[in-house]
Amino acid sequence: MTSASDDILHQTAPGLARGSDTARRGKTARLSPSFISWLQAGPMMLVFLAFFLIPLGFVVVVSFWDYNEYQLLPAFSGRGYTDTFEGCIAQLPDLCTIGKTYVKTLKLCFLVWAITLFIGFWVAYFLAFHVKSRTWQMGLSLLCTIPFWTSNVIRMIAWIPLLGRNGLVNSGLIGAGLINQPIEWLLYSEFSVVLALVHLFTFFMVVPIFNSMVRIDKSLIEAAYDAGASGLQTLVNVIIPLAKPGIVIGSIFVITIVMGDFITIGVMGGQQIAAAGKIIETRLNALQFPAAAANAVILLAITFMIITMMSRIVDIRKEL
Amino acid sequence: MTETTRKTGISRRTLLKSTAGLAGFAAGSGAITGFPYVMSAEPKVLRYLGTAVNEGDDISKQCLKDTGIKIEYITATTDDVTKRVMTQPNSFDVLDTEYFSLKKVVPSGNILALEARKIKEFDNITPVFTKGETPGGKKIGNQGTAPWKVLYLEGKDSKTFSKTATDFVTLIPTVYNADTLGIRPDLIKRPISSWSELLNPEFKGKASILNIPSIGIMDAAMVVEATGNYKYADKGNMTKEEIDLTMKAMTEAKKAGQFRAFWKDFNESVNLMASGETVIQSMWSPAVTKVRSMGIACTFQPLKEGYRSWASGFCVSKGVSGAKLDWAYEFVNWFLSGYAGAYLNRQGYYSAVLSTAKANMEPYEWAYWMEGKPAEKDIKAPDGSLLEKAGAVRDGGSYEERMGGVACWNAVMDENDYMVRKWNEFIAA
């Protein structure tokens, strides 16, 4: 992200530098373009350094410390990590706790990603290609943001009275004579977790994909049509490749959020479904900071690997 | 830990500097007037860190009225209170915490024990805390971090718990209760008398326990012992093997779909029960009252194996001294003088000094809450809302019966680290 914005700054900097050159010509010593670029990127870099990189460095350092019931012991120890991977070899072929947790987290992540991508893609497609007027496009996009006018937590909890054993859906189905017993898996299940996450995060897919799609030159689609491509061929060979940056950016949003989420998974899963974030929380609550830090580092590494893989597929920097 | 403290120290200094600058600016501009009066009549303010249990607005208002001390509540969950004591010991004055957290809090050196001789009612504190027996002489179960094991320190700055009474008290007792399972009698339709019912397949998909490892495992142990599969030497301090077998029993039940959900806070437990998602679950007394006040039948069911108990009390931050320490003593003395005790008793908790609480309650209230007698009149909550109609009897009966039936206390085990890992494994299973 930063390196991408650095690039943009580098590109725009010479222009600005020239501007200031003309203004100050002959008066003072000239500032070199690269210095101005640094100056422009500087504030963001400092914020990033102070509030992200340095704390992250602390987390990594602390993850290699030892601890007891009430304090951190600043001596090198791999205990945070060895404890986390406890039983991973001994229990083979069964999965250890951390293995099970990540399999579950990745599964939820994949489901949410696939569903939000499917829904998000078609919503964006509709907005970009079927809605002709700019005003309507804007209006309808704003409509998509309405759920964001209330908090995350409320949107999530609102599902509970709907899906519960005596909830609206079950009462409705029983009332209509479709079922005799309430359906139990509607709430406190993987189904309800995925449902809530999809509801919460589809919009993060819509926006970047829509953004990519509206930038597609309409004449390209006409050209495809003239060349005899069917609707499906146009979609697969023209629209999807050109919407790729949006798809990848949306996917990064959704995947990073879901990988670290434990509140939605906790509330909608009835606290019975493991999440990578939940392990960190439990450790923190037990004052086992190094173990929590070790788990945070592992989560970060895995999320980073997924994102690296995705950016291998599409070079976002090139496409932007 | 040291790192964190140092960091906050620096930022606080920076903050102080900038505030001082601002104050100077304000003074210079003539915005501050009447400075000498401010100096002479320093407002008595205490920052009070604790869970929501003792923190009623009515209590702080009455305290201000009686003593002139203004209480500023800092409310957090049990875990977060402990975390705050460890990492930001200067962010509070008075600490209200549970006895089981002392095994972490005392060795950290961040709290200051209070002196028993400065507490007016100390000798009137119920023997539940000092001797481990009820006023009627019934012995109370001592498994777990029972308060009498950690009530005294060997000396002023000692980090060792004393086996005999000393003048240095870790926590001045305030409130405690005996917890058990909550049930929906209207949906279960038969008597429940044992903890083992929590894992009874009859309630498949309709049971719940709480997802706070240190408390959840105690409830789990009560269940395992009730099924007759194992007898613990001390449920509050299990060996690794005992932790394994306890979690194994719970994991099997979880895999078989016994639990509808786990709960983590008060409101979750109320919602699960009130909506009929669960019919049997570990619960806290005021949560049962809350469900009942919604017009839904809910019983805080006494069980033959006994109760799991908890207790909390007051100490101060190690940074408190001088006038502030005097106010802290004044506040603690006020707290034990009756008003707060009666307030807590009316919520279904128990106050540490019974005599002063009794003097602040109506005789019919005392008879209902403490003596297990049928209510002569309607029983009202401290806020005036109706809790029980006349004729009702408290679940579990009298103080003697309930506290005398305590089997174990909330605890931090020696194998806490291992237990937390096993708990994560249980959730992941």
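A:Gln271 counts as buried, with 24 C-beta neighbours inside 10 Å; a residue is buried if 20 or more other C-beta atoms lie within 10 Å of its own, exposed if 12 or fewer, and partly exposed in between, with C-beta atoms placed from the backbone. This is a predicted model, in which local features need pLDDT of at least 70 and side-chain atom pairs count only at pLDDT 80 or more, while totals for chains, interfaces and linings use all residues. Residues are numbered from 1 along each chain as its sequence is written, and chains are lettered from A and ligands numbered from 1 in the order in which they are written.

I will stay with A:Gln271 for a moment. Its phi is near 60 degrees, a positive value in a residue other than glycine. Most residues other than glycine have a negative phi. A:Gln271 lies in the loop between helix H12 (263-268) and H13 of chain A; helices (H or I, at least four residues) and strands (E, at least two) are DSSP runs, numbered from the N terminus.

A:Tyr188 is another non-glycine residue with a positive phi, about 55 degrees. The loop that holds A:Tyr188 runs between helix H8 (168-175) and helix H9 (190-214) of chain A. A:Tyr188 is buried, with 28 other C-beta atoms within 10 Å.

Next, the interface. Chain A puts 26 residues into the contact and chain B puts in 30, where two residues are in contact if their C-beta atoms, placed from the backbone, lie within 7 Å. On the side of chain A that touches chain B, helix H4 (97-130) and helix H13 (276-285) of chain A each supply at least two residues. The largest share of that side, five residues, comes from H13(A). By class, the side of chain A that touches chain B has seven nonpolar, eleven polar and eight charged residues. Here Ala, Val, Leu, Ile, Met, Phe, Trp, Tyr, Cys and Pro count as nonpolar, Asp, Glu, Lys and Arg as charged, and the others, Gly among them, as polar.

Now chain B as a whole. It has 17 helices and 18 strands. Its radius of gyration, taken over C-alpha atoms, is 23 Å, close to the 22 Å that the globule rule gives for 429 residues, so chain B is as compact as a globular protein of that length. The rule is 2.2 Å times the number of residues to the power 0.38. Buried residues make up 47% of the 429 residues in chain B.

Which helix of chain B holds B:Val224? It is helix H8, residues 213-226. Of the 14 residues of H8(B), 13 are buried. B:Val224 is buried, with 25 C-beta neighbours inside 10 Å. Leaving aside residues up to four places away in sequence, B:Val224 touches B:Asn229, B:Tyr230, B:Thr246 and B:Ala249. Just after H8(B), B:Gly228 takes a positive phi of about 80 degrees.

Last, a sheet. Four strands of chain B form an open sheet in the order E11-E12-E10-E13, with mixed pairing; two strands pair if DSSP finds at least two bridges between them. Strand E11 (207-208) and strand E13 (299-301) of chain B stand at the edges, each with a single partner strand, so one side of each is left without a neighbour in the sheet. E11(B) pairs with strand E12 (residues 280-282) of chain B in the parallel sense over two bridges. B:Ala207 has B:Ile280 as its bridge partner in E12(B).
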